[in-house]
Amino acid sequence: MFQDENVIIENRTNGLLFHADINESVQRIAHLLSFYKGDAVIVRNNGIPAGIITSGDIIKAISSSNGDLSSIVAENIMTSPIISMDHDKYVDEVKAFMLDQGIIKLPIKKEFDIIGLVVEPDILINSSLYK
């Protein structure tokens with residue numbers, strides 16, 4: 001069995017991540033997350049990551065719009081700026097950061113792009129921080 005502190009997070013991303021334009025309808029994003037059982041959508045403005053949308057954001061949008069998502073766009077509900085970590089961090093560093101910040105889904109970046117997603121329940125299994 002390997003030790004988490006010796007594993008780079010880029011090799012352990014485990015979330016299903018989609019990308020959408022900042023003007024994409026929330027209805028379409030909700031369909032993507034639901035149909036494909038996705039974990040999050042990175043919202044892009046001219047190709048650059050500008051925000052993130054999770055199923056929690058979709059639920060809030062449904063609640064505040066009485067269920068009509070057709071006129072709401074990604075920019076209206078995304079979380080911005082994106083809280084992320086660099087791809088070359090160790091798994092235990094990422095776990096500690098997620099616990100400290102109360103983050104459940106953490107985008108992983110390489111240079112200026114989002115390359116993966118860490119989803120808390122999976123990444124924290126067998127963590128030395130929980131032992």
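Strands E2 (40-45) and E3 (48-54) form a hairpin with 2 residues between them, and asparagine 46 in the turn has a positive phi of about 55 degrees. Strands here are DSSP runs of type E of at least two residues, helices are runs of H or I of at least four residues, and both are numbered from the N terminus. E2 and E3 pair in the antiparallel sense over 6 bridges, where pairing requires that DSSP finds at least two bridges between two strands. Alanine 40 has threonine 54 in E3 as its bridge partner. Because 6 of the 7 residues of E3 are buried, this strand is largely enclosed by the rest of the structure. Buried denotes under 20% relative accessible area, exposed over 50%, and partly exposed in between, with a 1.4 Å probe and protein chains only.

The model is predicted: local features need pLDDT of at least 70, side-chain atom pairs count only at pLDDT 80 or more, and totals for chains, interfaces and linings use all residues. Residues are numbered from 1 along each chain as its sequence is written, and side-chain values use heavy atoms, leaving out hydrogens and water.

In helix H2 (55-64), Asp57, Ile58 and Ala61 are buried. Seen down the axis of H2, the buried residues fall within an arc of 100 degrees, taken from the directions from the helix axis to the C-beta atoms, so they line one face of the helix. These buried residues pack against H1, E3 and H3; contact means heavy atoms within 4.5 Å. The face turned away from the buried side carries the exposed residues Ile59, Lys60 and Ser63. Just after H2, asparagine 66 takes a positive phi of about 55 degrees.

Which residues touch the most other members of the largest nonpolar core? Of its 19 residues, they are Ile29, Ile53, Ile58, Leu69 and Ile77. Such a core is a set of buried Ala, Val, Leu, Ile, Met, Phe, Trp, Tyr and Cys residues joined through side-chain atoms within 4.5 Å. H1 gives the most to this core, with 5 residues. A second, separate core of 10 residues includes Val7, Met85, Ile103 and Val118.

An open sheet of 3 strands has the order E4-E5-E6, with mixed pairing. Strand E4 (85-86) and strand E6 (113-119) stand at the edges, each with a single partner strand, so one side of each is left without a neighbour in the sheet. E4 pairs with strand E5 (residues 105-110) in the parallel sense over 2 bridges, and methionine 85 stands opposite isoleucine 108 in E5.
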